[in-house]
Amino acid sequence: MASRQLNRIKLIPNPKYKRSGLKSYVYLLNKYGFNPTMEGPYHFGNKIHQQGKHGLHKLVGGRASVQKTLQKTAASGEAGEVTAEDQQNDSEYLCPVTIGTPGQTFNLDFDTGSADLWMFSTELPKATITAAGNNHTIYNPKDSSTYKATKGASWKISYGDGSSASGTVGTDNVTIGGLTIKNQTIELAKTLSAQFSSGVGDGLLGLAFSAINTVTPGPAHTPVENMISQDDISSSEELFTANLGSWRDASDPDAGESFYTFGYVDQAPLQAAGVTTPYYTPVDSSQGFWMFDSASASVNGQSIARTGNTAIADTGTTLALVDDATCKAIYAAIPGSSYDSTQQGYVFPSTVTADQLPVVTFAVGGQQFAVQKEDLAFADGGNGNVYGGIQSRGDMTFDILGDTFLKSIYAIFDLGNTRFGAVQRSEPTQNLAPPQGS
């Protein structure tokens, strides 16, 4: 490995991000396609898709197919379409990444729940580029001397509401935290549904395993996989880490700083926790996710057996989604909590204090890790309530441990050893002030 300076990549808080519990939940319904098991306006239903010639206002003739589509039930009882306005399409954190020669800086969403690296490009329709205005950096392959088009390759991400992002494929130099990855596969957006184009970020950088990359023919290797194959990082530390902070912790010793590292484990979080090594557990990457055993949880010290349960660590998800029985046990321990079917989630009074909130833990392999009490309160729930940070996973067979959980640990994603590491973080104060931007 060539000698180089490895640096923290500081995350940029998105100033326009507005927390919404229901919109964040709908985004996850859309992304993962699970069926809700709790009452609420959003659900999956069958929609007939007609393939044929265009008539005056619709397709006629040809074949018809039935597609599973995310739908919203209106007050009238009729099922309608889910629009961009119904869901959270923005990212709370963005990371600067330099692409091309000369380099252009793009603010991307780092997502361990996906494996594509795509960005806004000049191949988008003029109307989309004009609408983006000065809010996005647009990648122009003609401006980079190191760009090479990949003939015959394409990519497409599709979600449960029928929205999609797609385009062409090429390679270019990508620099992340002082490391330059040569000939990294990049995906140029040519079409973007409103759900993809309405956020502040310039695209997404997936950090899951390449098995779920959407490039065809493919899949394409992810940036971290290429860091390893190009010897950009040491063979003893073929990994990246995530330390997600919060505006709530501005007065704490770490000032709520958020960062990623590539190729090394930052020692500051370990020192703050009083440990010398992280706790590690094996990862099952067969589905493309950072999945590990999570066979138990606890609420105020009362263990909840969850035999055979697994969880994934997803930095692209704000909430934590777990099974219904565990959800019920958590909120049963919070005074005044209730399930609000209009918001399809659990809420509790904003007057609840930190000492009234339960200690909630989830197993990472064979060790329990606690959720910071302040992160049990996610967003304004209206009527003097807050929307909880832990909600139902519906009929999914595994948990999604997003930022609500990940903010409580220093997370190590170790590709070289196919394992996930965790260090418990402890904030000296628990800030239950109303969530900003709600």
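Tutor: In this predicted model, a residue is called buried when its relative accessible area is under 20%.

Student: Why does Phe-240 count as buried?

Tutor: The relative accessibility of Phe-240 is 0%, and the cut-off for burial is under 20%, so Phe-240 counts as buried.

Student: What makes Phe-413 buried?

Tutor: Phe-413 has a relative accessible area of 0%, and since burial requires a value under 20%, Phe-413 is therefore buried.

Student: How many aromatic pairs does a search of the whole structure find?

Tutor: The search finds 22 aromatic pairs. One of them joins Phe-106 and Tyr-139, whose ring centres lie 6.1 Å apart with the planes at 50°.

Student: What makes the aromatic pair of Phe-240 and Phe-413 stacked?

Tutor: The distance is 4.7 Å centre to centre and the angle between the planes is 5°; stacking calls for centres within 6.5 Å and planes under 30 degrees apart, so the pair of Phe-240 and Phe-413 counts as stacked. Phe-240 lies in strand S13 (residues 239-243) and Phe-413 in strand S29 (residues 409-414), so the pair ties together parts that are 173 residues apart in sequence. Phe-240 and Phe-413 also belong to a cluster linked by ring pairs, whose members include Tyr-260, Trp-290 and Phe-420.

Student: How do you know that the charged end of Arg-419 sits near the centre of the ring of Tyr-280?

Tutor: The charged end of Arg-419 sits over the ring of Tyr-280 at 3.6 Å from its centre, and the distance limit for such a contact is within 6 Å. Likewise, the charged end of Arg-8 sits over the ring of Phe-259, 3.9 Å from its centre.

Student: What makes strand S10 (residues 164-176) mostly covered?

Tutor: In strand S10, 11 of the 13 residues are buried.

Student: How do you know that S10 and strand S11 (residues 179-192) pair?

Tutor: Pairing requires at least two bridges, and S10 and S11 have 11, in the antiparallel sense, so the two strands count as paired. Val-174 has Ile-181 in S11 as its bridge partner.

Note on methods
Residues are numbered from 1 along each chain as its sequence is written. This is a predicted model: local features need pLDDT of at least 70, side-chain atom pairs count only at pLDDT 80 or more; totals for chains, interfaces and linings use all residues. Side-chain values use heavy atoms; hydrogens and water are left out. Rings of Phe, Tyr and Trp (its six-membered ring) pair if their centres lie within 6.5 Å; planes under 30 degrees apart count as stacked, over 60 as edge-to-face and the rest as tilted. Helices (H or I, at least four residues) and strands (E, at least two) are DSSP runs, numbered from the N terminus. Buried means under 20% relative accessible area, exposed over 50%, partly exposed in between (1.4 Å probe, protein chains only). A charge sits over a ring if NZ of Lys or CZ of Arg is within 6 Å of the ring centre and within 35 degrees of the ring normal.
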